[in-house]
Every structure is written in structure tokens, then in C-alpha cells.
Amino acid sequence: MANDRSLTHRPRRLRQDRIRGLVSETSLEPSDLIAPIFVDATTDERVSIESMPGHERVPVADAVDRVEEVLETGVEAVMLFGIPTSKDPDGTRAWADDGVVQEATRQITAETDAYVLTDVCLCEYTDHGHCGPLEEALRGSNARAQEHDHDHDHDHGPTLTVDNDATLEALEKIAVSHAEAGADMIAPSGMMDGMVGAIRGALDREGFEHVPIMSYAAKYESAFYGPFRDAADGAPSFGNRRHYQMDPANAREAIREVELDVEQGADVLMVKPALPYLDIVSSLRREFDHPIAAYNVSGEYAMLHAASEKGWLDLEAVAHESLLSIKRAGADLILTYFAEEIARSY
Ligand code: PBG
């Protein structure tokens, strides 16, 4: 019987079961994902991370096993974060030849086929938890008071915080030490001005011109990093990171930040966090031809887990939908704590 309603356009035609796959615009594959891993030099047993269910800090001796678990799921790349044996004001353990990331990288690259990215930052290595050495005037016992004063008194010159250019020197040393240990890609996350250029120069001088840089190019000062800071023991002991990480209010500034990183030789451009910043992912996708990465951060992971523990959400479904949305917004690769769970479902 003919339908007498003349609807020319019926989008539902393409939503039928056997055609959905053919017309789907976006796909999510295990090969798009990078699994973050925490290697802890202070423990010889795995320690679970309460606010990130299913994730653990693993001792260096377990790093290879941990990476093999990831590879078995079909995920091919890992991002290493380190918890060092000791911390100091300058974060010197970050570039130690026998440092936690250096040791783990050496073992993982010798014994597995994983593609190893290393996070290059100082916040896990400094005793004050900031992403670099502090400016001279902030050093010493009254750091807290001085930072406080400056936050509240904007008439007295620039805010004292991390010493940008001293940090660049440290980042160069860290990046070279990671490359020497065999890191496949270097990922600076500290939001220091000039960090990509400094690291590119140092890697090139030392013969690592083939090692790419994934810049945490548009990294926001976000409250979604909370669980990570527990996991990596990297919370600042005073103040916050708003004087170097980006203001969540700003979108145009992301373009400018990323342009600078592109000029300095960044190979892959990252936006972080992911879900609350999909507008940034999509504008970078339009503006730049580089691969775009997005970091689906610890807080994004923790909130879905918490809701699913209460029985309010279907974890696998919301995780998949979240990551698919990040790809739809324009990301080519995603760093996510869901990497293994998602890959296993393929
Ligand atoms: C800094 C760094 C952070 C994260 C990755 N690298 C924390 C921060 O800036 O405070 C957060 C990742 C996450 O929340 O999953 N080294």
C-alpha cells in the first residue's frame, strides 16, 4: 500500500541496521589510543589508585609486565609518568640517568614492541609540586606567604611563580635523558613558554632529530586533574597552576599557544582535558593540519566510574561514547585511562 504522505527526506532510511556502519562518519580503534601508566620508584608492589578504579602505580620491576597487559588488549602505545624516589626544589630526579622513567623506558623498549611516549614535566619531581623551579624571590621558607601576597596585590609587579627559563634548561635535560633511554616520543606537559623549541633544539643537538614531540599545547588549568595528582603525587603544595596553564575561559588563546608550538617544531598537538574542551579540539582541527591528540583526563575517567558504581550509567557505553565524541570533534589520537577497557571490547 502506497504511503500518501510525501516526505522526500527521511533520514531514518540510513539508520537501519545494515546501513549504519557504511554511513558512520567516525570510528574509534584501539590503534587511536594511548594508555597512561604510572611507574613508582618508591614501591616494590603494585598500589591501586583509589580515585582511578582499575589503575595502579607499578614498581619499575613490573613496568614491562604492565605494558604487556596493555599490548594484549590491542593498544599499541603507552605514556609513562614517574613517581621518583625523592623530590627536591629543582626536581633533579627528573633527568637522572637512573631515574624512574629512564629505567622503565629502557626496560620497556628493550623487551616489548610498545610505542613509548614519556611525559616531560617537573611537578612529580619538585618538593613544592610546581612544574619547574620557583623564581628566586619565591624560594625558601616563606614561599607560601609571598605567593599569597602576590595573588592579592596586583599592583606590585608580575606574579611570582615558576621560573620559565630555568625550567626550559631542566626540560632539555629531561627530554634528552628520556630519548637516551629509548623513548619513542617526548611529551612536554608543563606549559612553559618556549618549551617545544628548547626541547627540539636539545634533542637535535644530541642526535635525536628523529624523535617527535607531542606538545601538551593547549593545556588548561583544570579541576579535572584531581585524581591524577593523587596518583602521581604531583599536587602543588601552595598556590595553583593558573599562572602557567591556560584559563578555561579562553578559546582564541589556544590558537595562539598552538601556533607558537607549531613554529617551534611540535609534531603532534594536544588539547587537555578533552570532553569539556571539545570546542578547542574542533577549532584546532580546522586551523592546523598536524595530528591532534586529546587527553581524556583522570577526572573525566573518575566521574564516569563513580556514576557507574552507583548504577546510574553503563560504564562501557559512556566510555565508548565519550571517546567517539572526542574523535568526532577532530582528535586523531586519544590518551585515556579507558584505553584497555575499550580495546578489549573490539
Ligand atoms: C603534569 C601532568 C598532569 C596531568 C598530566 N601531566 C597534571 C597537572 O597538570 O596537574 C594530568 C593528567 C590527568 O589528570 O589525567 N605532569
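Q: What is the mean pLDDT of the protein chain, and where is the pLDDT below 50?
A: The mean pLDDT of the chain is 93. Of its residues, 94% reach 70 or more. The pLDDT falls below 50 over residues 148-155. That stretch has 4 contacts in the model beyond near neighbours in sequence. Where pLDDT is low, the predicted coordinates should not be read in detail.

Q: What ipTM and pTM does the predictor give the complex?
A: The ipTM is 0.95. The pTM is 0.93.

Q: How do I read a strand, and which residues of E4 lie on each side?
A: Start with the general idea. Side chains in a regular strand alternate between the two faces of the sheet. Now take E4, residues 77-83. On one side are Ala-77, Met-79, Phe-81 and Ile-83. On the other are Val-78, Leu-80 and Gly-82. These residues are all buried, and both faces of E4 are covered.

Q: Why is E4 described as largely enclosed by the rest of the structure?
A: Count its buried residues. A residue is buried if 20 or more other C-beta atoms lie within 10 Å of its own. In E4, 7 of the 7 residues are buried, so the strand is largely enclosed by the rest of the structure.

Q: Which strands does E4 pair with, and how many bridges join them?
A: Strand E1 (residues 33-40) runs parallel to E4, joined by 7 bridges. Strand E5 (residues 115-120) also runs parallel to E4, joined by 4 bridges. Follow Ala-77 across. Ala-77 is the bridge partner of Ile-34. In E5, Ala-77 has Tyr-115 as its bridge partner.

Q: What about E7, E8 and E9: in which sense do E7 and E8 pair, and how do E8 and E9 run?
A: E7 and E8 pair in the parallel sense over 4 bridges. Here Ser-215 stands opposite Leu-269 in E8. E8 (residues 268-272) and E9 (residues 292-296) run parallel too, with 3 bridges. Val-271 stands opposite Ala-294 in E9. In E9, 5 of the 5 residues are buried. Ile-292, Ala-294 and Asn-296 lie on one side of E9, and Ala-293 and Tyr-295 on the other.

Q: How do I read two packed helices, and at what angle do H9 and H11 cross?
A: Two packed helices are described by the angle between their axes and the distance between the axes. The axes of H9 (residues 278-287) and H11 (residues 315-329) cross at roughly 35° and come within 8 Å. H9 makes the contact with Leu-278, Val-281 and Ser-282, and H11 with Ser-325, Ile-326 and Ala-329. These contact residues divide into 4 nonpolar, 2 polar and no charged.

Q: Where is Gly-330, and which residues is Gly-330 in contact with?
A: Gly-330 is in the loop between H11 and strand E10. Setting aside neighbours within four places in sequence, its contacts are Val-281, Ser-282, Arg-285 and Ile-292.

Q: Which residues of H6 are buried, and what do they pack against?
A: An α-helix has 3.6 residues a turn, so residues three or four places apart point the same way. In H6 (residues 195-205), the buried residues are Met-195, Val-196, Ala-198, Ile-199, Arg-200, Ala-202 and Leu-203. They pack against H5, E6, E7 and H8.

Q: Where are the positive phi values, and are those residues buried or partly exposed?
A: Take Met-191, in the loop between E6 and H6. Its phi is positive, about 55°, although Met-191 is not a glycine. Met-191 is buried, with 26 other C-beta atoms within 10 Å. Asp-233 sits in the loop between H7 and H8. Its phi is also positive, near 55°. Asp-233 is partly exposed, with 17 other C-beta atoms within 10 Å.

Q: Which peptide bond is cis?
A: The bond from Lys-272 to Pro-273 is cis, with omega near -10°. Pro-273 lies in the loop between E8 and H9.

Q: Which residues surround the ligand?
A: They are Asp-119, Cys-121, Cys-123, Ser-189, Tyr-225, Phe-228, Arg-229, Gly-234, Val-297 and Ser-298. This shell divides into 5 nonpolar, 3 polar and 2 charged residues.

Note on methods:
Residues are numbered from 1 along each chain as its sequence is written. This is a predicted model: local features need pLDDT of at least 70, side-chain atom pairs count only at pLDDT 80 or more; totals for chains, interfaces and linings use all residues. Axes are lines fitted to C-alpha atoms, for helices over the stretch in contact, and angles run from 0 to 180 degrees between N-to-C directions. Two residues are in contact if their C-beta atoms, placed from the backbone, lie within 7 Å. Ala, Val, Leu, Ile, Met, Phe, Trp, Tyr, Cys and Pro count as nonpolar, Asp, Glu, Lys and Arg as charged, and the others, Gly among them, as polar. A residue is buried if 20 or more other C-beta atoms lie within 10 Å of its own, exposed if 12 or fewer, and partly exposed in between; C-beta atoms are placed from the backbone. pLDDT is the predictor's confidence in each residue, from 0 to 100. A residue is near a molecule or strand if its C-beta atom, placed from the backbone, lies within 6 Å of it. Two strands pair if DSSP finds at least two bridges between them.
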